[in-house]
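Subject: Structure handover

Hello,

Here is the structure I promised to pass on. Please open it alongside this note.

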Amino acid sequence: MYARVVRFTDVKPERIAEIGKQAEDAGGPPEGVPSTGIQILVDESQGTAVVVQLFDTEEDMLKGEEVLEQMDSSETPGTRASVDKGEVKLDLKAS
């Protein structure tokens, strides 16, 4: 599994709500993004968000990145501050 992690600043709660509704209505990721999941962590007090996009393979992550990098800034949660990507080496869940 691979992850692309994007940190945003200048995030407004209303924008997060819009993105959540759009994603639910679409039933999945944007066209051309072979993501297997997404998590959005929001710190409203700081106006920041971290978006974790999950992919089965590195190739899928890179394909998805091509599409995501072309998104208009009005389609994102806020101002993109950083992007990290890599292989998930540990994924533990409580039972």
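This is a predicted model: local features need pLDDT of at least 70, side-chain atom pairs count only at pLDDT 80 or more; totals for chains, interfaces and linings use all residues.

**Strands**

β3 (48-55) sits between two partners in the pairing list. β1 (2-9) and β3 run antiparallel, joined by seven bridges. Y2 has F55 of β3 as its bridge partner. β2 (37-43) also pairs with β3, again antiparallel and over seven bridges. There, G37 stands opposite L54. β3 is mostly covered, with seven of its eight residues buried.

The hairpin of β2 and β3 has four residues between the strands. Look at G47 in that hairpin: its phi is positive, near 70°.

α1 covers residues 13-26.

Which residues of α1 are buried? They include R15, I16 and I19. These three cover an arc of only 100° around the axis, which means that they lie on the same side of α1. In general, an α-helix has 3.6 residues a turn, so residues three or four places apart point the same way. The other side of α1 carries exposed residues: E14, A17, E24 and D25.

P30 lies in the loop between α1 and β2. Is P30 buried, exposed or in between? Its relative accessibility is 42%, so P30 counts as partly exposed; buried would need under 20% and exposed over 50%. P30 and Q53 are 23 residues apart along the chain, and their C-alpha atoms are separated by 12 Å.

**The largest pocket**

The largest pocket holds about 640 Å³ of space. It is lined by 26 residues, and the closest to its centre are I19, A23, P30, I38 and M71.

Which elements give two or more residues to the lining? They are β1, α1, β2 and β3. α1 gives the most, with six residues. By type, the lining divides into 14 nonpolar, eight polar and four charged residues.

Best wishes

Notes
Residues are numbered from 1 along each chain as its sequence is written. Side-chain values use heavy atoms; hydrogens and water are left out. On a 1 Å grid over the protein atoms alone, a cavity is a set of points where a 1.4 Å probe fits but cannot get out, and a pocket is an open set with protein on both sides within 12 Å along at least five of seven lines; lining residues have an atom within 4 Å of a point. Grid points are joined across faces, edges and corners, and a volume is the space filled by probe spheres set on the points. Ala, Val, Leu, Ile, Met, Phe, Trp, Tyr, Cys and Pro count as nonpolar, Asp, Glu, Lys and Arg as charged, and the others, Gly among them, as polar. Buried means under 20% relative accessible area, exposed over 50%, partly exposed in between (1.4 Å probe, protein chains only). Two strands pair if DSSP finds at least two bridges between them. The arc is that of the directions from the helix axis to the C-beta atoms.
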